[in-house]
Amino acid sequence: MRVMVMIKGRGADEVRIEPTTEMLAEMGRYNEELVKAGIMLGGDGLKPSSAGAKVVFAASGDTSVVDGPFTESKEIIAGYWIWQVSSMEEAIEWAKRCPHDAYYGAEQVLELRPFFEMDDFGDAMTPELRAKEEELARQVQSRQGS
Amino acid sequence: MTEPTDGVRRRIEAIWRIESARLIASLSRLTRDVGAAEEIAQDVFVAALEQWPAGGVPPNPGAWLHTTGRHKAIDRIRRDRMRDDRQLGAALDPTLSGKSDDDLLALIFTACHPVLPRESRTALTLRLLGGLSTDEIARAFLVPSPTIGQRISRAKRTLTEAKVPFETPADLGERLPAVLEVVYLIFTEGYAATSGDAWIRRDLAEEAMRLGRMLTGLLPREPEPFGLVALMELQASRFRARTAPDGTPILLPDQDRTRWDRTLIQHGLAALDRATALHRPLGPYSVQAAIAAVHTRAPRFEATDWEAIVALYDALGQIAPSPVVALNRAVAVLHADGPEAALTAIDEVRADPRMARHHLVGAVRGDILLRLGRAADAAEELERAAELAPNQRERTLLLERAAAALP
């Protein structure tokens, strides 16, 4: 199975926290461990929310754009990994080993979310539905191709 | 023994999966005996199952497993009077336990040692490196559990009797192909599965990819492990697209490429880049991965760069000549240079006595003849191929094509 691990923090902490050299080195070692365990499929870091923007579709139907930073936000994604593991439990055990630093007094969160796999849809994904989905995908592709 | 709750048990199993290979590797270094190391590791696992549910999982479970294992190994060495004191000294010296990567590599090379029969190598590798139980391996290979159990214990005995040293071989380049072969065998066992317990066996393919990536982490200067990872991941990226909802296989030309797995493609192509960036002669897995990459990069089957594929098959034929490679090359030639050139290529394959009873030679030759407008010859060729087909489905398919060839 495949799991996305999102590195999250509070928007208010974003400007205060500068990763130290030691922290980066520890993170490097951790990443190396993930690679050597063969579970790492991908991952990247994201720029701070000051470089980001939000497109908000209001319930009223209005659309607005909000520029970063999102200092009010409780959960800002700072980066992510994609892991291939045998179970959710295995992913959790790996996540627990992630280096963290209590020095800042800031809460750090790793959120783990498994990807959908075709089998997850079970009976809900009937052959007809699946064929329909494939037909749609083909139409989209041929439109892109033209 | 307190029966652990499902939650704790699953947690212990997850920790086991992460730790077992390195644990067995370091215990093998201490005991110089992979079989003994594996038994001690099993004892440690049982101890964790007994103690953790009641006392709680220790804050650093990995360290607990390693310390407990080391103590058990030392007890065993002390008990065993055949061993000399030097080994005990080495086992007691904690400074000697720091080369975890070397131990892991040595374990891989031992599990894939040429003194073992192929089927034992795959089972032992899954057991020692993948942390899979005998039952899990048996389910994946569709054989009874005792068969796998015997295979593993016989393999461990063979290693002891042959006095196979626990080390990364000095002639790494010579021995690496055997290791890569085991990983690829595990992969194809899972990848070939299309029915029944297909999902269990797909896990086998995932396990092989994990083992391959492990090898690239341990041997970052060797191109072939990267090539193998690329090959497996690019092939696996087509998992979802290669069967119709009713289970019938969908061949490459007809696959819906939007269903190919982008994450695996990205990782696989990056692995292939790593293999080529090492600027050393590429091995057969890297070249096969390069062929797979040409297909991956083509937005549609018709847009495939067949010239590149023919050139890569030429290269593959040089480093790993085989009539099957030549057969594949003939198909590529048909697309790249047309039916006349392809007929020459396929007739060379047909002249090889090893291919005399291979139905695909006739199937490909039939198609080529059809493209040349020789309908009667094509039909005859396809009928002959049908007689050689390994199963009813392919036989029917070939007979249908033979019938369709005639006006």
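Trainee: At which residues of chain B does UniProt place the feature "domain: RNA polymerase sigma factor 70 region 4 type"?
Mentor: This is a predicted model, where local features need pLDDT of at least 70, side-chain atom pairs count only at pLDDT 80 or more, and totals for chains, interfaces and linings use all residues. Residues are numbered from 1 along each chain as its sequence is written, chains are lettered from A and ligands numbered from 1 in the order written, and side-chain values use heavy atoms, without hydrogens or water. UniProt positions follow the numbering used here, feature names are shortened, and annotations may be inferred rather than shown by experiment. The unreviewed UniProt entry puts this feature in chain B at residues 109-159.

Trainee: What percentage of residues 109-159 of chain B is helix?
Mentor: Helices (H or I, at least four residues) and strands (E, at least two) are DSSP runs, numbered from the N terminus. Strand is 0% here, and the end C-alpha atoms are 12 Å apart. Helix takes 73%.

Trainee: Is B:Arg121 buried or exposed?
Mentor: B:Arg121 lies in helix H6 (residues 118-128) of chain B. Beyond four places away in sequence, its contacts (heavy atoms within 4.5 Å) include B:Pro114, B:Leu116, B:Glu181 and B:Val182. Buried means under 20% relative accessible area, exposed over 50%, partly exposed in between (1.4 Å probe, protein chains only). At 9%, B:Arg121 is buried.

Trainee: What is phi of B:Arg32 near?
Mentor: Most residues other than glycine have a negative phi. B:Arg32 sits in the loop between helix H1 (6-31) and helix H2 (34-55) of chain B. With a relative accessible area of 54%, B:Arg32 is exposed. Its phi is positive, near 55°.

Trainee: What is the relative accessible area of B:Lys163?
Mentor: B:Lys163 is in the loop between helix H8 (145-161) and helix H9 (172-191) of chain B. Phi of B:Lys163 is also positive, near 50°. B:Lys163 is exposed because its relative accessible area is 70%.

Trainee: In what order do the elements of chain A run?
Mentor: Chain A has four helices and six strands. From the N terminus on, the order is β-α-α-β-β-β-β-α-β-α.

Trainee: How many bridges join strand S1 (residues 2-9) of chain A to strand S5 (residues 76-84) of chain A?
Mentor: Strands pair if DSSP finds at least two bridges between them. S1(A) pairs antiparallel with strand S6 (residues 108-114) over seven bridges. A:Met4 faces A:Ile82 in S5(A). S1 and S5 also run antiparallel, and their bridges number eight.

Trainee: Which side chain does A:Lys8 join in a polar contact of 3.3 Å?
Mentor: A:Lys8 belongs to S1(A) and stands opposite A:Val109 in S6(A). A:Lys8 is buried because its relative accessible area is 10%. A polar contact is a pair of N or O atoms within 3.5 Å; within protein, one must be able to donate a hydrogen and the other to accept it, and residues adjacent in sequence count only if both atoms are side-chain atoms. The partner is A:Glu75.

Trainee: Is the peptide bond from A:Gly68 to A:Pro69 cis or trans?
Mentor: A:Pro69 lies in the loop between strand S4 (63-67) and S5 of chain A. Most peptide bonds are trans. Here omega is near 0°, and the bond is cis.
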